[in-house]
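Please examine the structure shown below.

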Amino acid sequence: ADIKTEAAIKGEAAIKQQFLTTKEKFHEFVDLEWQSLNRGNSNKDEKSVDSDETNFVEPDAKKAKLDREDQTERKSDGKRLRGQNKSRPHIKPTTYEEKRLCLSVIQENKVCTFGDKCHFYHSVSDYMSTKPADIGERCYLYDTFGRCAYGFSCRFAKAHTTPDFKTVENADVIKACEGRTSVKNSLSKDLQNRLRKHSVDFKKSAEYLKTLLNNKEKKTHKGNAEAPRGSAEEELHVTHGAETPVQVQNIALHYSGGPQPLGRGPLPERTKYYRSLLVHGAKKGWGRLHCSIDNSTSVKTVGPLTDVDVIRLRPCEKKQVNFNDKLYLPLTTCGNLPFRRVCKRFGADITCGEMAMCTNLLQGQQSEWALLKRHESEDVFGVQIEGCFPDTMTRCAELINNNTEVDFVDINSGCPIDLVFKKGGGCGLMTRTRKFEEIVKGMNYVLDVPLTVKIRTGVQEKTNIAHKLIPEMKKWGVSMITLHGRSREQRYTKLADWDYISTCSKLASPVPLFGNGDILSYEDAMMAKETGVSGIMIARGALIKPWIFTEIKEKRHWDISSGERLDILRDFTNFGLEHWGSDTRGVEKTRSFMLEWLSFMCRYIPVGLLERVPQKINERPPYYLGRDYLESLMASQNVGDWVRISEMLLGPVPKNFNFLPKHKANAYK
């Protein structure tokens, strides 16, 4: 009776009576079962596991909002623990291996450039005597590609090395993979050096920024007459390279042979007049004309007017992407390439890389460029960038346009974190409409692919401003808008406002608008589609259960077994080893991202255990025992139990291993 009363607390998911338990009984069961499963291990291994587990503390059960005022767990300054774990310890994966094998030995027949000063092993036998034990008998990289680039440093080296320290290759598999590029958008050394030396040419960005500067200077000189800017002038500005409305007039003046009152009269007449003059000029073979801001006379360029000049970067001529009725996965937390591959297998239609800072991309930072990488399975792929100034965002867009293969570029103006917001980026752009407009138009000017924008309902909780921005963004040339149904202040508290999303989708038409917020089942998705949105964006729901895309497309609840969930984690492990490497550094990096994902995945409650289907995203799970041991282990909110799951796939953790999840939303410490 006490358990039933406890489970009926508001905000907790309703689980069948026979599965409910208490915190003490839950951990007693999980610990005893784990010890019985690992009795075959040596005493040394048991001691190391036990010593590691003592570093992990499970948080208290999450309290209902009304009771949180009595929460005793607070910082020294009196504030409650919440939000991001900014002060968590960060251990680089390189520290897990005291001394590594030199790259010249791994790549074979390569001379070490450091000579006697090199601190790494050059003797394979010496390295193998100190190397940690192999994790398994099969190497995923060797089985997939016919060779393993990590050689003896691979933690599965037995699969492709001989006892006399020679590497093995599978010629048939290598031949089958010949010419295949599984991952695109890597940063080349040549481009990185040119970015660091500031020798990359941003020609189109310079054109747009000059236009921007000229327009601002024009506004400061009251004596300079300027024609009213309408739709006709805007179109001629984009299609014929005129840098200001005055220059549009000058082109027409040159074609007509004399001054005309082009800035006066009804807009339709001016539109017709401009178009007829420019079409006539194109037929006559007149060149593109440029006019300086201080000289009103036109100067003809050498050569005829080409088709490229006439249709340059018109929005209708950009690469088109069909966004309608698609499932969209854009994640900044855990949205790495291996995780996206998992979601693609379950039916995600559109994927997007993790948010990248435009300034870091322009500086050629390897870690930031890694966020732009695209796997061959991602058929519709975009990148999301963050910035707060037109010059850097426009240059970054041109850089991406010229050096990567993407289907669209997304401006993340919905990021709520302080680091981004306080400098004017993310949600900060929603309150800086003039800068926002300049950024969108500048990026559109240099991009050959669609430009999309991600926003929230607003900055303050009770002040929605998205409905004011959306009509403006349609004029700026945005190809798709994604709206998260919460404000910046709300972050992820309270329910998403789908009524407001419905209103905004009508305002956005015919531009596609995707809705986002609180979707954890196909029923949630069906209700979201009834609001009239063009598509659905799924973020946290995919982290909790990546098979949600299959559920939505097949319109069913999937009572997935614990074994199937472990297979999903195994796929992620293999993809991670392929992406980050199969040596100790790659293994531990894969483990850290898996543990971050498990901090979300533990919130999932199997369908067969629920009294009421489906589970809601804002309902926290009470303590329960699953239908088997693995299902119970996956339900644990103890970091040590997540480590146990990772050890099933990636072997024992190193002695100096430590992990804390990125967010304190569940009061982990």
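Predicted model: local features only at pLDDT ≥ 70, side-chain atom pairs only at ≥ 80, totals over all residues.

Author: Residues are numbered from 1 along each chain as its sequence is written, and side-chain values use heavy atoms, leaving out hydrogens and water.

Reader: At roughly what angle do the axes of H25 and H28 cross?

Author: Helices are DSSP runs (H or I, at least four residues), numbered from the N terminus. Axes are lines fitted to C-alpha atoms over the stretch in contact, with angles from 0 to 180 degrees between N-to-C directions. The axes of H25 (residues 562-580) and H28 (residues 639-650) come within 10 Å, and the crossing angle is roughly 65°.

Reader: How many residues of the contact of H9 with H19 are charged?

Author: The axes of H9 (residues 203-220) and H19 (residues 433-446) come within 9 Å and cross at roughly 145°. Contact (heavy atoms within 4.5 Å) involves residues including Lys 204 and Glu 207 of H9 and Lys 435 and Glu 438 of H19. With Asp, Glu, Lys and Arg counted as charged, the division is 4 nonpolar, 2 polar and, as charged residues, 6.

Reader: How far apart are the end C-alpha atoms of residues 138-163?

Author: The UniProt annotation "zinc finger region: C3H1-type", from an unreviewed entry, covers residues 96-125 and 138-163; such annotations may be inferred rather than shown by experiment. Residues 138-163 are 23% helix and 0% strand, and their end C-alpha atoms are separated by 16 Å.

How values were computed
Helix = DSSP H or I, 4+ residues; strand = E, 2+ residues; numbered from the N terminus.
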